[in-house]
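Colleague: Could you walk me through the pockets in this one? Please keep it simple.

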Amino acid sequence: LTYESNIWDRRDFAVPYPTYFHPAKDADVLQWQQRMQGMKREFLFSFAGGERPGDPNSIRHHLIRECGASSFCNLVQCHKSEKNCLVPSTFMRVFQGARFCLQPPGDTYTRRSAFDAMVAGCVPVFFHLASAYLQYRWHLPEDHARYSVFIPDDAVRVGNVSIEDTLRMIPRAAVR
């Protein structure tokens with residue numbers, strides 16, 4: 001059992017990262033769910049994270065550029081010296097205010113923020129199959145479209161897709 005499995009070794013099983021949400025009792029979970037369902041989500045999508053300038057395969061600079069150029073995206077750009085990005089409430093506020101949360105690979109394929117986003121009621125947008133679909137076989141539904149959106153990273157890298165346009169085409173009823 002590990003946070004991120006070797007997707008080529010079927011004996012590895014990934015378990016979700018711990019989230020920032022730590023309920024003390026069952027009633028806390030129900031109260032949180034009701035609160036998240038009632039949140040006013042002012043942004044279509046959000047991204048909280050930093051670039052990976054030394055990684056030629058990273059699409060983060062594309063996401064930061066598109067998010068930063070859109071009035072429908074909430075961007076929290078993290079730099080190594082940025083203290084705000086070490087505060088859990090920063091991410092949770094961003095996730096609670098958006099319908100979709102961009103979850104590109106970071107240092108590894110998976111990100112803890114994917115689970116924080118889901119707990120906050122924000123639909124995760126994945127760009128690589130190993131970010132969730134090939135990892136959490138015990139924990140996430142096989143029908144990935146029930147809880148997430150997939151946009152191939154190579155389409156983002158070559159500029160063949162607009163994330164905003166893709167997310168706008170998803171009906172609000174399906175997001176709910």
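Colleague: Which strand and which helix each supply at least two residues of the lining of the second largest pocket?

Modeller: This is a predicted model, where local features need pLDDT of at least 70, side-chain atom pairs count only at pLDDT 80 or more, and totals for chains, interfaces and linings use all residues. Residues are numbered from 1 along each chain as its sequence is written, and side-chain values use heavy atoms, with hydrogens and water left out. Helices (H or I, at least four residues) and strands (E, at least two) are DSSP runs numbered from the N terminus. On that basis, the two you want are strand 1 (43-49) and helix 4.

Colleague: What is the volume of the second largest pocket?

Modeller: A pocket is an open set of points on a 1 Å grid over the protein atoms alone, where a 1.4 Å probe fits, with protein on both sides within 12 Å along at least five of seven lines; lining residues have an atom within 4 Å of a point. Grid points are joined across faces, edges and corners, and the volume is the space filled by probe spheres set on them. For this pocket that gives about 660 Å³.

Colleague: Which element gives the largest share of the lining of the largest pocket?

Modeller: That pocket holds about 970 Å³ of space and is lined by 32 residues, with Gly 121 and Cys 122 among those nearest its centre. Strand 3 (98-103) and helix 7 (172-175) are among the elements giving two or more residues. The largest share, 5 residues, comes from helix 1.
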